[in-house]
Amino acid sequence: MTIVLSTVFALGTIGAAGAVVVLTLTGVTRMPSFRGALPWALAFIFGMGVISLQMFFYALFALPMNRLSIALPWWVALAGMGWTWRRRHFLREHQRPPSAPPHTAMSAFLAGIVAVQVGYCLVFATSRPVVSWDGWAIWFLKAKAFFASSGLPTAHFFASVDPHPDYPLLTPLTVAWHYLCLGVADEQIAKILFPLTFLALLMLFYSLLREETGSPHAWFFTALLALTPFAVFHAGGVIGLGAAGDYVGYADLTLATYFFGATASMYRYLLVRDPRWLLVSFLCLGMGAWTKNEGLPYAIWGSVTLMIAAKHRRIGVAGLGVVALFIVPWGGFKMSAGFANDILTQSQRPDFGKGIERLSTILAWGWRSAMQSGMHGLIWPLFVISAALNWRNVARSPLAPCVLLVGVQLGIYGMVYFITPRDLEWHLATSIDRVLLHLSPIALWIAGVNVYQLSVRIRGIGQGSRIEEAIPAERIGETSA
Amino acid sequence: MPTWFKVVVLIVWVAVGHQTLSAEVESIRKLPTLWALDAHAQKRRIDGPLYEFVQRVQEHVPLDQAPVVSMFAADGYTYLKVSSYLYPTTIRHLDPAHLSSQDLPIGGYFLVYFPSRLVDTTSEVLTRDWNAVAAKLPPMREVYRASNMGIYQVAVSQ
């Protein structure tokens with residue numbers, strides 16, 4: 001019972017911290033598209049980001065790290081904001097957005113698939129201890145070190161015990177927060193964060209696709225994401241596929257969630273020009289960089305793209321500050337402590353004589369993982385084919401910058417493999433599926449938008465170009481507002 | 001999109017990832033066993049050579065109370081879990097092929113494993129010559145003496 005109550009408190013505080021961020025973003029007012037599951041999902045992922053950052057600052061400045069000192073500021077802030085929100089909500093009741101269309105039997109069926117998949121992940125992930133290698137040896141070890149130290153672990157820990165001291169701390173410190181609430185380092189129950197992240201990803205995915213395409217179409221693609229094998233491996237794990245079937249404890253699904261949030265929010269901003277989407281995108285970019293090193297180039301390119309496209313320059317600059325808040329302190333700490341990334345420090349100038357051979361190996365592995373293995377369902381073939389068919393829209397804003405970001409990130413991953421000091425085959429075998437997972441939700445979401453736009457076009461041609469009939473009313477309202 | 005088209009795509013999608021879904025079904029089927037084993041293991045105090053081994057680990061690793069060693073099986077592996085008040089941790093059996101790429105020991109771990117198979121070989125785990133395993137402890141002892149972190153994650157191997 002204590003475990004349950006402590007877990008509820010830990011997760012509730014994450015939600016409260018995230019809710020404070022969401023309410024701050026929306027200006028404590030109702031935002032037309034911030035409805036349904038979206039604010040809950042954002043609250044969860046933002047909560048993980050700000051709580052972990054708060055804990056890092058506490059550790060850095062040797063502030064007392066306990067349940068009260070971490071949770072109290074958020075609960076107090078939320079109570080204050082909640083009071084303000086209630087009053088404004090009452091005043092703006094008449095601005096309630098149009099109610100959603102009734103769900104069809106097919107939508108209910110698809111929602112059932114999503115619920116079963118999430119339920120499975122929640123139950124199975126918490127039914128056995130951490131068995132994934134990186135989860136056990138990197139992410140949960142860091143969490144245990146922070147918990148055991150009640151602050152910053154010793155220099156010896158980072159120098160000799162931690163296999164990757166340069167890895168960012170969002171996941172370890174979120175787990176450490178759970179440990180703090182429990183009073184023990186119970187790895188098994190702490191695994192609940194990962195299926196909940198999966199749930200948040202699916203909620204974000206559904207909400208942001210619904211804004212573009214309407215509910216039935218969004219449920220369909222959300223169900224496809226929920227049925228994607230490699231996502232399930234990271235959210236719940238399975239028995240029977242050995243080590244390849246359980247990645248719960250890795251930070252890759254969390255990173256995929258932030259990447260998706262950043263990119264889909266960028267799309268929303270470019271479409272409706274509401275500056276709050278700009279800030280959501282910047283927040284996700286910053287938290288992605290705070291989750292894994294791979295998030296750093298994405299944050300840089302994403303920020304550059306947003307600043308080029310942003311019409312709200314001052315808010316854009318504030319967004320850059322948000323990204324810096326998640327990158328600079330940790331970067332400074334890493335530099336002062338001398339933590340270096342093994343790939344960057346040990347890599348040698350690539351031998352271009354062998355370049356073709358390496359490139360062909362990388363492309364072959366990429367092809368197998370994306371197109372043949374079934375690990376990512378049919379996401380990548382669907383992405384490529386739908387983008388080719390919908391090339392007119394893909395080639396212009398708001399889809400073009402999103403596709404470009406995916407392409408640039410894939411190029412960066414390719415470059416890492418190109419210069420890796422490790423055995424290339426081993427490096428590819430242990431990571432190619434995971435780096436594709438970072439971008440798979442975005443690829444499926446773009447494919448969902450492509451398919452929708454193509455179907456509207458086909459229907460429009462067949463029915464006399466009444467395209468606007470197929471566009472959700474709330475989207476038209478938001479765009480014109 | 002028409003409903004029939006959605007159904008077709010769903011079927012194809014599931015067919016492509018059928019291995020995962022069948023593994024999910026298998027995992028659900030084994031859940032009661034997992035829970036029963038875990039519940040049983042939580043109450044069980046393993047003794048004999050294995051417990052002596054844990055005692056020897058404890059000599060090097062500060063625990064705030066005597067560890068309780070529990071055991072459960074899943075996925076073709078035997079898992080051993082050493083729990084103390086402060087730091088529950090897991091002693092695991094891992095796929096040797098996976099370990100070979102990690103070149104033990106790594107960092108603060110002293111990682112060892114044993115090729116056992118589920119509860120059928122519990123007796124093997126309990127009766128094996130753990131002195132040979134314990135002989136490999138010094139590197140870990142050095143690490144923990146130096147760090148004084150109290151972090152102990154030990155996987156047992158042959």
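Q: Left-handed or right-handed: how does helix 9 of chain A cross helix 12 of chain A?

A: Helix 9 of chain A makes a left-handed crossing with helix 12 of chain A (the near helix is turned anticlockwise from the far one by less than a right angle; clockwise would be right-handed). This is a predicted model, where local features need pLDDT of at least 70, side-chain atom pairs count only at pLDDT 80 or more, and totals for chains, interfaces and linings use all residues. Residues are numbered from 1 along each chain as its sequence is written, with chains lettered from A and ligands numbered from 1 in the order written.

Q: At what angle do helix 9 and helix 12 of chain A pack, and how far apart are their axes?

A: Two packed helices are described by the angle between their axes and the distance between the axes. Here, helix 9 (residues 193-213) and helix 12 (residues 252-272) of chain A pack at about 15°, with axes 10 Å apart; the axes are fitted to C-alpha atoms over the stretch in contact, and angles run from 0 to 180 degrees between N-to-C directions. The two helices are therefore roughly parallel (under 35 degrees).

Q: Which residues make the contact?

A: Among them are A:Phe198 and A:Leu201 of helix 9 and A:Leu253 and A:Phe260 of helix 12 (contact: C-beta atoms, placed from the backbone, within 7 Å).

Q: What else does A:Phe198 touch?

A: Leaving aside neighbours within four places in sequence, A:Phe198 contacts A:Val118, A:Cys121, A:Ala231, A:Ala235 and A:Leu253.

Q: How many helices and strands are in chain A?

A: Chain A has 22 helices and 0 strands (DSSP runs, H or I of at least four residues for helices, E of at least two for strands, numbered from the N terminus).

Conventions
Parallel < 35°, antiparallel > 145°, perpendicular 65-115°, else oblique. Contact = placed C-beta atoms within 7 Å.
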